[in-house]
Amino acid sequence: MTQTPVPPVPPSPALTRTVLKACADLARFTETPGQITRTYLSEPTRDVHAYLTAWASRLGLRASVDAAGNLRVRREARTPDAPTLYLGSHLDTVPNAGAFDGVLGVVLGLALMEALGNATLPYAAEVVGFSEEEGVRFGVPYIGSRTLVGSAEPLLDLTDRSGVTVRGAMAAYGLSPDDLPAARASGNTLGYLELHIEQGPVLEAAGQRVGVVSAIAGQDRVTLDFWGQASHAGTTPMTQRHDALAAAAALVVETERLARATPGLVATVGVLEVHPGATNVVPGHVSCSLDVRHAENAQRGHALKHLLAAAQASAAERGVILNTHIRSQQDATPMDDRLKALLHRAAEDVGEAHAELVSGAGHDAVIVAQQMPVAMLFLRSPGGLSHHPDEAVLEEDVAAALRVGERFLHLLALEV
């Protein structure tokens with residue numbers, strides 16, 4: 001029979017302030033003075049590890065850094081063979097970032113360990129500060145979480161702009177790639193919980209502090225090259241032009257039209273490179289990006305097929321050649337029904353209104369879901385702003401996330 005855990009005590013206002021102070025303190029550890037920029041295994045990562053390790057030590061918890069540079073803080077269960085719940089997010093940033101994307105989830109994980117105090121749970125809890133999620137240094141994301149599920153080895157020979165390999169970056173940090181297998185989550189796992197800012201406007205529009213994620217949208221990224229004919233803008237009749245930019249522009253408009261007309265679909269042309277790029281020359285070559293996202297793989301696939309066909313038709317109409325290159329494809333990641341239901345119940349138990357929403361951004365949970373059940377709790381993003389220096393959170397929202405998170409941990413204990 002499962003022992004009833006110690007009833008939860010609501011986290012104190014002081015703990016909420018501790019979370020906010022920790023995020024502000026960690027923001028000082030940066031490669032670029034005046035900005036928050038912290039790429040994979042850069043020197044400021046050592047300061048982040050030291051700061052969080054000191055916090056873990058004050059709580060009497062064991063902290064370590066694995067072969068990929070992930071910070072691992074473990075709270076043992078009452079029995080050595082107990083299953084493990086993982087909590088966390090990432091500690092790296094985009095260039096000129098805000099103070100909360102990723103980092104807040106790691107800090108909240110440690111704060112929940114502090115909130116538990118001496119409560120005895122029938123499972124171990126491990127907070128993971130993933131060393132890399134953004135893909136900035138090596139062009140491929142999720143090195144940290146790939147390590148947890150055992151799929152990081154194929155990335156070891158990737159190089160950054162300085163020609164340093166992932167393998168070399170690990171060695172320079174004092175880590176051994178040979179130890180990667182030991183960093184993999186093994187044994188009996190309960191799942192993974194990630195707390196994260198929404199990075200969008202949905203919760204703010206709903207007037208809610210937190211939301212439960214239903215799925216992380218799948219994503220296709222495509223590069224399209226329209227090859228026309230550069231010619232004199234004053235002397236080439238309109239009927240004899242092969243305008244690559246006009247062909248690409250038709251795709252931009254159709255992308256917006258389709259996404260507006262399709263519930264749950266977001267699609268973006270974020271890059272247009274026009275050549276030769278002169279005011280008096282008909283564009284002869286345009287390279288553009290296409291980003292298509294939806295929580296349902298079939299809908300996303302249908303949208304991508306439609307947009308590529310529209311691009312081909314637009315090119316053919318103007319005598320332009322189209323080349324397409326699928327750069328990446330990621331299927332949608334649904335959250336685990338059981339853990340998601342526990343998050344809903346936890347929010348209800350502490351009196352927090354909470355939407356269920358799709359994450360349009362990718363997260364470490366995408367990778368971790370390959371090995372274990374995952375769930376995500378979002379916090380409201382004021383102004384819907386993220387990946388920006390003005391990224392923010394509200395103190396009341398952090399307090400709400402702590403209440404929901406702690407209640408979730410105790411509810412989970414009743415089911416183990």
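Guide: In this predicted model, strand E9 (266-268) and strand E12 (285-294) each supply at least two residues of the lining of the second largest pocket. Strand E12 gives the largest share of that lining, namely three residues. The residues that line the second largest pocket are Ala217, Gly264, Val266, Thr268, Asp291, Arg293, His294, Ala295, Val358 and Gly360. Sorted by class, this lining has four nonpolar, four polar and two charged residues. The volume of the second largest pocket is about 250 Å³.

The structure holds one cavity of 30 Å³ or more. The space in the largest cavity amounts to about 30 Å³. Its lining is made up of Cys23, Leu26, Ala27, Ile36, Arg38, Thr93, Gly98, Ala99 and Val103. Six residues of this cavity lining are nonpolar, two are polar and one is charged.

Leu26, named in the cavity lining, also belongs to the contact that helix H1 makes with helix H2. Helix H1 covers residues 13-26 and helix H2 covers residues 44-58; their axes come within 10 Å and cross at roughly 155°. Because of this angle, H1 is roughly antiparallel to H2. The two helices, H1 and H2, form a right-handed crossing. On the side of H1, the contact is made by Thr18, Lys21, Ala22, Asp25 and Leu26, and on the side of H2 by Val48, Tyr51, Leu52 and Trp55. The residues of the contact of H1 with H2 comprise six nonpolar, one polar and two charged.

Helix H1 has a further partner in helix H11 (residues 395-415), and the axes of H1 and H11 come within 9 Å and cross at roughly 115°. H1 is therefore roughly perpendicular to H11. The crossing of H1 and H11 is right-handed. In this contact, Leu15, Thr16, Arg17, Val19 and Leu20 of H1 meet Glu395, Val398, Ala399 and Leu402 of H11. By class, the contact of H1 with H11 has six nonpolar residues, one polar residue and two charged residues.

Another pair of helices is formed by H7 (residues 244-261) and H8 (residues 297-317), which pack at an angle of about 150° with their axes 9 Å apart. H7 is therefore roughly antiparallel to H8. Where H7 passes H8, the crossing is right-handed. From H7, the residues in contact are Ala246, Ala247, Ala250, Leu251, Glu254, Thr255, Arg257 and Leu258, and from H8 they are Ala303, His306, Leu307, Ala310, Ala311, Ser314 and Ala315. This contact of H7 with H8 contains 10 nonpolar, three polar and two charged residues.

Two details of the backbone complete the description. Most residues other than glycine have a negative phi, and most peptide bonds are trans. The peptide bond from His275 to Pro276, however, is cis, with omega near 5°. Pro276 lies in the loop between strand E10 (272-275) and strand E11 (281-282). The second detail concerns Asn96, a residue other than glycine whose phi has a positive value, near 55°. Asn96 is placed in the loop between strand E3 (84-90) and helix H3 (103-116).

Note on methods: Residues are numbered from 1 along each chain as its sequence is written. This is a predicted model: local features need pLDDT of at least 70, side-chain atom pairs count only at pLDDT 80 or more; totals for chains, interfaces and linings use all residues. Side-chain values use heavy atoms; hydrogens and water are left out. Axes are lines fitted to C-alpha atoms, for helices over the stretch in contact, and angles run from 0 to 180 degrees between N-to-C directions. Helices (H or I, at least four residues) and strands (E, at least two) are DSSP runs, numbered from the N terminus. Angles under 35 degrees count as roughly parallel, over 145 as roughly antiparallel, 65 to 115 as roughly perpendicular and the rest as oblique. A crossing is left-handed if the near helix is turned anticlockwise from the far one by less than a right angle, and right-handed if clockwise. Contact means heavy atoms within 4.5 Å. Ala, Val, Leu, Ile, Met, Phe, Trp, Tyr, Cys and Pro count as nonpolar, Asp, Glu, Lys and Arg as charged, and the others, Gly among them, as polar. On a 1 Å grid over the protein atoms alone, a cavity is a set of points where a 1.4 Å probe fits but cannot get out, and a pocket is an open set with protein on both sides within 12 Å along at least five of seven lines; lining residues have an atom within 4 Å of a point. Grid points are joined across faces, edges and corners, and a volume is the space filled by probe spheres set on the points.
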